[in-house]
Each structure stands twice: as C-alpha cells, then as structure tokens.
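Let's take a friendly walk through this protein, from a pair of facing residues out to the whole fold. Keep the viewer open as you read.

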Amino acid sequence: MFRITTETLVAPPMDHDGAGGFVTFEGKVRNRNEGRLVERLEYEAHVDLAESEGRKILEEAKRAFGLLEARAVHRVGVLEIGETAVWIGVAAAHRNAAFRACSYIIDEIKIRVPIWKKEHYADGESGWIGVDGTEPANLYRRQTILPEVGEEGQAKLAAARVLVVGAGGLGCAALPYLVGAGVGRIGISEGDMVEASNLHRQVLYGFGDQGLAKGELASDAIRRQNPFVEVERHDRLTLSSAEQIVSNYDIVLDGSDNFATKFLLNDICCRLSKPLVLASLFRFEGQLLIVCPDSPGGCLRCLWPDAPYDGCVGTCAEEGILGSVAGVFGTLQATEVLKVILGLPSAAATTMVVLDLRSLELRHLKRARRAECASCGTGTATVAIDLDWIAASERGLAVVDIREPEEWDEEGGLPDSERIPMSCGDRLRERARKGPVLLVCDGGVRSSEAARSLRADGIEAYSLAGGLRGMAGIWSR
C-alpha cells in the first residue's frame, strides 16, 4: 500500500503473526539544512504517477526481501517544523531483511517517485527540487574541475557501461569509486554468499550479512551511494552466459579469484574488442594489467598461451592475504577503468604492473603482442579443459568420480556417475578412450591434472572446475 495524502501523518500500527522483525521510518521536517534556518517545507506530487510507482517499489521490495507486509505514505502540501513528511513500515520474518528492505524503499522513493519539494528558509526559498534535494552536477564538482575530466569527460563517464566480475575484495574496493565517479551503468556478476572470512577485505559487507548474497548486498550499497547510477545484477558467469553478458558493456573489470574466469574474460574481450582491466593478488603483492583492443601489449595469452589450472597457485584461503592489499588493487583497477573511459594513457596497457606492499617496490614488466596468440593474434584457441557444470551438461559428458575410495560417500556418490580412482590410471584411461568424460574430484585440482594427462595422449577429457566443493547446493553429498 502506497498513498499520497494531505492529512497529518500518524504512524499506523504494524502487526503480523508471522513477523519476527518490524521496521518503520519517519522522515520529519527539521529546522536547519546546510546551516540555513528552515521555516517550513512544501511538497507537490503527480498523485496518480506517484502512487503507481510507489506501489511498484513496495512490490519489488516484498519480492526481493521476502516481506510479509510493506506500506508507505507521503504527505504533500505545506509542512511545519517537526511534522512527518514520509512514513514507511515493513514486516519480515527476520529483522535483517526488514532493515534492508526499509532502506531500499526509502532510496527508491527518493529516486523514482515524482514528488517535488520547496524549502522555505528565513533568508529565502530553494525553488522546486527533486525529493532527494540532490543535483547530479553537485556530486561530481570536485572531479569536473580537473582539466583531464571537465564536463565533456563527465558526460563520457555517464554514458559508460562497466561490468564488474566478482564482488569480493577487488570488486568491493572498485565499485564505490566507479559509482562515485558517475559511471552511468554498472553490472555486477557474483554468485557467492558472504562468509565471516570475507569481511576483513570485502568492505561492502558487515558481520550481520553472513549467508546473504554478495551481489544483492553490493548492488544495494552502491544504489544508496549514488542513486543516479543504474545497477544491474548478474549471476556468476558461465561459459554459456559470459559472452552475451559482456557484449552489453563497454569495459570489464575482473575481480575474480580463479584462472578459468580470467582467461574466459580475456578471450571474450579480445573477440568483442572490449577493454579488460585485470588484477591478481598473492599475500602482500598484486599484479595489474589492461588488455586493450589493438594495444601492442597484447593479452593474457600472449604471456601464458595455456591457462594455468586452478590450484597450481595458492588461493587467499590457502595462502592468506592482508585485507588492504585487495583494497589497494581494487582501487587501482577502478582508476584504470576511469582512465580508459576518459581516453587517458596508461602504462598498464603495455606492461604488467607488480607492486609489493611490504617493500613498496614497484615494477613494470614489459608486455608484447604475439602474432600467433590464440586470442588476439592468428593462432588457434586452446581447448578449455576446466568446465563448469552447465557447460559440461550441455556437452553430454560422462561423469567419472576419480576420488579415492576412502573419500566416496556412503550414499553412493554422484548421481549418474562412475567411480574410477585416479590411482587406477590404466582403468581410467581405458574408460576415457570409450568416449568424452568429465572428471570430478573434491576441489578440481586432481581432475584437471588427470584431464591434461589424458589429453596428452589424444583422449578427450575435461575437469569439473572447482570440483565438488564448487558444487555445494547442486549435488547433495
């Protein structure tokens, strides 16, 4: 229920037997604004449009946050100091959802509902302004005075479309600066949930967010930061979805933590002539580079023709990482994205920038395009060995569990799979010669090694990327 009223607002009672959390918000007229003495406020609205859009916002919130009830009332006319201008109330099974939903509704009303406000000050009036009282130009004033930006550059940023793949340590650092700079459309591709071990470096999330979707939380956070930026959410990229998603953006920022995704983005961006800003982290150190169309610096496959298999280098979970290292490199990535949009030169387009944050040693390793590169040259693309479950299913591969017997589940293992331990190499090779197979282990490292060994003998074999640990919630183990 959303309505516009001229009556004095009195908060109605909220009650629902199934609710564990009730959250209400009252926006009142205050006596000062930016140091000026306020005497009263005046609101006007296009009532039919306002109520129609308000109802849509409440329905969206109910679906997104699983609300049991959502209401909002906005007053129009002349309001005196201390009177309530807007009231919002939500009920949810859990308090966290109720808090987040109420915040979402407040922000969306400010952006989307056609309501105008006039502030009457002791020294004059403001004139009619949008309900949030903010003009986009004011947000970017400190940026547009830079000669390298100006109004023309700000217009370029507003027209730009940036895809951020991963809302982990790198993405959490990059997103606020892209949004703060006024990039017009931001896409976020993320499929993970928040865990306690994320929080020391993934600064968009709090302790109470554990178990919630990172993509949803990150989207909400940046919408609150800048309501003039359009935000789109995408699930985790797959081999079948990645190219379609990337094609809708101008530039890609890679915040992933695995080689399979980085090389997938590299290949797609080369094919579509999209700039790609990459970073990788290891303990106190990070690497940064840009893959640009037609750059003499080439791409990832110019450096490594075959993608390393995931697991050959320790992850943050295995090796550890200082949280601020992710923050530094995510911020650097955001800066490089903005420079690409503004047409500013970057050393990262022709070098790999390596920074050790213990010693503050900075190195630029020269890169060069290889004419025979499979992605940006004339070479033949390397066949992908590590596949996600969707891509493997589309190929109709036979599934072979190569874990050792002591690792097998009492329930019978994977559905529709065969069990041949990796230690039984001859049996595994004999089975694989009968037709293409998808090898599965616990984490994806052993299966990748086994698939490469079989391929060296001309046998078509693939590995399930991430192994069974990456399939949590899809197979019950």
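Start at Leu278, which stands opposite Leu289 of strand S16. The model is a predicted one, in which local features need pLDDT of at least 70 and side-chain atom pairs count only at pLDDT 80 or more, while totals for chains, interfaces and linings use all residues. Residues are numbered from 1 along each chain as its sequence is written, and side-chain values use heavy atoms, with hydrogens and water left out.

**Strand S16 and its partners**

Helices (H or I, at least four residues) and strands (E, at least two) are DSSP runs numbered from the N terminus, and two strands pair if DSSP finds at least two bridges between them. Strand S15 (residues 276-282) runs antiparallel to S16, and seven bridges join them. The two strands form a hairpin with two residues between them, and Arg283 in the turn has a positive phi of about 60°.

S16 also has strand S17 (residues 351-356) as an antiparallel partner, joined by four bridges. Here Gly286 has Leu355 of S17 as its bridge partner. How enclosed is S16? Five of the seven residues of this strand (residues 285-291) are buried, so S16 is largely enclosed by the rest of the structure. Buried means under 20% relative accessible area, exposed means over 50%, and partly exposed lies in between (1.4 Å probe, protein chains only).

**Two residues of S17**

Thr351 is found in strand S17 and counts as buried at 9% relative accessibility. Its side chain reaches the backbone oxygen of Ala347 at 2.8 Å. With contact meaning heavy atoms within 4.5 Å, and leaving aside neighbours within four places in sequence, Thr351 is in contact with Leu288, Leu289, His364, Leu365, Lys366 and Arg367.

Val354 is also found in S17, and at 4% relative accessibility this residue counts as buried. Leaving aside neighbours within four places in sequence, Val354 is in contact with Glu285, Gly286, Gln287, Glu361, Leu362, Arg363 and Leu365. The C-alpha atoms of Val354 and Ser280 are separated by 9.7 Å, and these residues are 74 apart along the chain.

**A parallel set around S22**

Which strands pair with S22 (residues 437-440)? Strand S20 (residues 398-401) runs parallel to S22 and is joined to it by four bridges, and strand S23 (residues 461-464) pairs with S22 in the parallel sense over three bridges. Val399 has Leu438 of S22 as its bridge partner, whereas Leu439 is partnered by Ser463 in S23. In a regular strand the side chains alternate between the two faces of the sheet. In S22 both faces are covered: Val437 and Leu439 on one side, and Leu438 and Val440 on the other, are all buried.

The strand pairings can be set side by side:

| Strands | Direction | Bridges |
|---|---|---|
| S15 and S16 | antiparallel | seven |
| S16 and S17 | antiparallel | four |
| S20 and S22 | parallel | four |
| S22 and S23 | parallel | three |

**Nonpolar cores**

A nonpolar core is a set of buried Ala, Val, Leu, Ile, Met, Phe, Trp, Tyr and Cys residues joined through side-chain atoms within 4.5 Å. The largest has 43 residues, of which Val162, Leu178, Val183, Ile186, Ile188, Tyr205 and Val337 touch the most other members. Not counting residues up to four places away in sequence, Leu178 touches Val162, Val164, Val183, Ile186, Leu253, Ala334, Val337 and Leu338. A second, separate core of 33 residues includes Val38, Phe65, Ala72 and Ala97.

**Rings and charges**

Rings of Phe, Tyr and Trp (its six-membered ring) pair if their centres lie within 6.5 Å; planes under 30 degrees apart count as stacked, over 60 as edge-to-face and the rest as tilted. By this rule there is one aromatic pair. The ring centres of Phe65 and Tyr104 are 5.6 Å apart and the planes are at 55°, so the pair is tilted. Phe65 lies in helix H1 (residues 47-65) and Tyr104 in helix H2 (residues 95-112), so the pair ties together parts that are 39 residues apart in sequence. Phe65 counts as buried at 9% relative accessibility, and Tyr104 is buried with a relative accessible area of 14%.

**The whole protein**

The protein has 15 helices and 23 strands, and 48% of its 477 residues count as buried. Its C-alpha trace spans about 85 × 60 × 40 Å along the principal axes. Among contacts between residues at least 6 apart in sequence, 69% join residues at least 24 apart.

Key: A polar contact is a pair of N or O atoms within 3.5 Å; within protein, one must be able to donate a hydrogen and the other to accept it, and residues adjacent in sequence count only if both atoms are side-chain atoms.
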